[in-house]
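Take a look at the fold below.

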Amino acid sequence: MGILAALIIGAIAGWLAGKIVHGAGFGLIGNMVVGIIGALVAGWVLPQLHIQLATGTVGAIVDATIGAVIVLVILSLIKRV
């Protein structure tokens, strides 16, 4: 997957994660950055757990969204402290 495609998928995932995790958002741009970071996290965590949900673009968006939700939850917990 190219860099541009990864950035677009990460941005979509960040937006979706912001909608899923209410109250933990960081604004549109912040959520996009979180989505990109979440895509990297999911790209490492899910294969470690032997989880493959889907393939192709839709699968990449789902995986990245899962990673972004994980990152948003962790960041919201840190933000509370």
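Start with helix α3, residues 56-80. Helices here are DSSP runs of H or I with at least four residues, and they are numbered from the N terminus. Helix α3 has 25 residues and reaches 36 Å from its first C-alpha to its last. That is close to the 36 Å expected at 1.5 Å a residue. The expected span is 1.5 Å times one less than the number of residues.

A word on the source: this is a predicted model, where local features need pLDDT of at least 70 and side-chain atom pairs count only at pLDDT 80 or more, while totals for chains, interfaces and linings use all residues. Residues are numbered from 1 along each chain as its sequence is written, and side-chain values use heavy atoms, with hydrogens and water left out.

Which residues of α3 are buried? They are G59, A60, I61, A64, T65, G67, A68, V69, V71, L72 and S76. Buried means under 20% relative accessible area, exposed means over 50%, and partly exposed lies in between (1.4 Å probe, protein chains only). The buried residues of α3 pack against α1 (3-20) and α2. Contact here means heavy atoms within 4.5 Å.

Now turn to α1. Its 18 residues should span 26 Å at 1.5 Å a residue, and its end C-alpha atoms are 25 Å apart, which agrees. The buried residues of α1 are I9, G10, A11, A13, G14, A17 and G18. They pack against α2 and α3.

How do α1 and α3 meet? Their axes come within 8 Å and cross at roughly 50°. Axes are lines fitted to C-alpha atoms, for helices over the stretch in contact, and angles run from 0 to 180 degrees between N-to-C directions. Angles under 35 degrees count as roughly parallel, over 145 as roughly antiparallel, 65 to 115 as roughly perpendicular, and the rest as oblique. The crossing of α1 and α3 is right-handed. A crossing is right-handed if the near helix is turned clockwise from the far one by less than a right angle, and left-handed if anticlockwise.

On the α1 side, the contact includes I9, I12, A13 and L16; on the α3 side, it includes A60, I61, A64 and L72. By class, this contact has 12 nonpolar, four polar and no charged residues. Ala, Val, Leu, Ile, Met, Phe, Trp, Tyr, Cys and Pro count as nonpolar, Asp, Glu, Lys and Arg as charged, and the others, Gly among them, as polar.

The α2 and α3 axes come within 6 Å and cross at roughly 110°. The two helices are therefore roughly perpendicular to each other. This crossing, too, is right-handed. Among the residues that meet are V34, I37, A42 and L46 in α2, and D63, G67, V71 and L75 in α3. The contact of α2 with α3 has 11 nonpolar, four polar and one charged residues.

D63 lies in helix α3. Not counting residues up to four places away in sequence, D63 touches A42, L46 and L53.

Two more residues deserve a look. G27 is found in helix α2, residues 27-48. G27 counts as partly exposed because its relative accessibility is 41%. H50 is found in the loop between α2 and α3. At 73% relative accessibility, H50 counts as exposed. Most residues other than glycine have a negative phi. H50 has a positive phi of about 60° although it is not a glycine.
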